[in-house]
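This report covers pockets and cavities, aromatic contacts, a hairpin and some backbone features. The sequence and model come first.

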Amino acid sequence: MAQHLRNRLNSIRPLRVFSHVYELGSVTLAAQALSLTQPTVSIQLRQLTEVIGSPLYQMRGKHIIFTEAGHAVARYCQRITSATDDLESELADLGDLKAGTLRVAVVTSAKYFTPHLLGDFCQKYPLIDIVLKVGNRDTILSRYEQGLDDVYLFSHLESEMNESAIRFLPNLLYPVAHIDHPLSQKKEISINEFLTYPILAREPGSGTRFAIESHLRKMNLSFKPKLVIESNEAIKHCVLAEMGLAILSQYALYYEPNDNITYLPVETFPIETYWHIVKSPMKIQTPLSKVFTRHLLDEKIIYNKLLPS
């Protein structure tokens, strides 16, 4: 096994040795903990004392009595060795990024922009392999509960996700219609008028459906869609077939535009929701998942690139 960084740096090693002696109160115990001989520990202590220029401890029989200088050095030893350990860990993480596999799972509404996020990451880390899973909410939630993936993207969070989830991208929901629909010619539409028409919607439990129901509930309005569909693409085709109106994510509308679908100026819309980065408590986080999360957060400005004005 390779030596720890702290043991390879000679200027750090005496601090590490003294820290053990201070914590254990014994040269013998410190030597055992460090797998060193007692003479080696004594030499390290003497070298540190010479560098400090002041006695760090006194011996009274078999007991070590630390001086004020010894107490002060011990406090800083703990900080320095802790910082060295953190540095060693971060360097190891960076080393692991030379190759590896990152597993990402997203709900279907996120599939429009996720490839763009992954593309930027792959360009930065070309030797990383990506496994992307896309599915409806129930499918991805099941994977989350089993801890099958490194990173998940959800819009609507389960209660247990709230503490660890990280908000990172806005997700606006817009009402839309076929361009020949009677409402498409209006400049202002009340929410009540909008709801008098047949509505096409995602399945119960989906993030979009949850956001719509929550939005209308605040106005004491109920939501009773005419047709429930588990695919944004199918909903858009139904809108094109003039089967009804819909409320869809801006990403679904931007990345698969159609000249025959138009936005409706309905009051209280768009609904403002967000995408969240979520990690399963069942999955031990890898260096890759941590770096990918930092990449997503560092790339918040990509929102303008994902949805150009």
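## Pocket and cavity

On a 1 Å grid over the protein atoms alone, a pocket is an open set of points with protein on both sides within 12 Å along at least five of seven lines, while a cavity is a set of points where a 1.4 Å probe fits but cannot get out; lining residues have an atom within 4 Å of a point. Grid points are joined across faces, edges and corners, and a volume is the space filled by probe spheres set on the points. This is a predicted model, in which local features need pLDDT of at least 70 and side-chain atom pairs count only at pLDDT 80 or more, whereas totals for chains, interfaces and linings use all residues. Residues are numbered from 1 along each chain as its sequence is written, and side-chain values use heavy atoms, with hydrogens and water left out.

The largest pocket has a volume of about 260 Å³. Its lining is made of 15 residues, and Phe 210, Ala 211, Glu 272, Thr 273 and Tyr 274 lie nearest the centre. At least two lining residues come from each of α9 (207-217) and β11 (271-278); helices (H or I, at least four residues) and strands (E, at least two) are DSSP runs, numbered from the N terminus. By class, five residues of the pocket lining are nonpolar, seven polar and three charged. Here Ala, Val, Leu, Ile, Met, Phe, Trp, Tyr, Cys and Pro count as nonpolar, Asp, Glu, Lys and Arg as charged, and the others, Gly among them, as polar.

One cavity of 30 Å³ or more is found in a search of the whole structure. The largest cavity has a volume of about 80 Å³. Among the residues that line it are Val 107, Arg 137, Phe 154, Arg 202, Gly 207, Thr 208 and Trp 275. The cavity lining divides into three nonpolar, six polar and two charged residues.

## Helix α9

Helix α9 is mostly covered, with eight of its eleven residues buried. Buried means under 20% relative accessible area, exposed over 50%, and partly exposed in between (1.4 Å probe, protein chains only). The buried residues of α9 include Gly 207 and Thr 208, both of which also line the largest cavity. Ala 211 is another buried residue of α9, and Ala 211 is one of the residues nearest the centre of the largest pocket.

## Aromatic contacts

Rings of Phe, Tyr and Trp (its six-membered ring) pair if their centres lie within 6.5 Å; planes under 30 degrees apart count as stacked, over 60 as edge-to-face and the rest as tilted. By this rule there are 14 aromatic pairs. Tyr 174 and Tyr 263 form an edge-to-face pair, because their ring centres are 5.1 Å apart and their planes stand at 85°. Tyr 174 belongs to strand β6 (residues 166-178) and Tyr 263 to strand β10 (residues 261-263), so this pair ties together parts that are 89 residues apart in sequence. Tyr 174 is partly exposed at 23% relative accessibility, and Tyr 263 is partly exposed at 44%.

The pair of Tyr 254 and Tyr 255 is also edge-to-face, because the centres lie 5.0 Å apart with the planes at 85°. Phe 18, Tyr 22, Tyr 57 and Phe 66 are linked into a cluster by ring pairs. The charged end of Arg 167 sits over the ring of Tyr 274, 3.9 Å from its centre; the rule asks for NZ of Lys or CZ of Arg within 6 Å of the ring centre and within 35 degrees of the ring normal.

## Hairpin and loops

Strands β1 (residues 57-60) and β2 (residues 63-66) pair in the antiparallel sense over four bridges, where pairing requires that DSSP finds at least two bridges between two strands. Gln 58 stands opposite Ile 65 in β2. Two residues lie between the strands of this hairpin, and Gly 61 takes a positive phi near 70°.

The loop between β10 and β11 holds Thr 268 and Pro 270. Thr 268 is not a glycine, yet its phi is positive, near 70°. The peptide bond from Phe 269 to Pro 270 is cis, with omega near 5°. Glu 242, in the loop between α10 (232-240) and β9 (245-249), also has a positive phi, of about 60°, without being a glycine. With a relative accessible area of 52%, Glu 242 is exposed, whereas Thr 268 is partly exposed at 39%.
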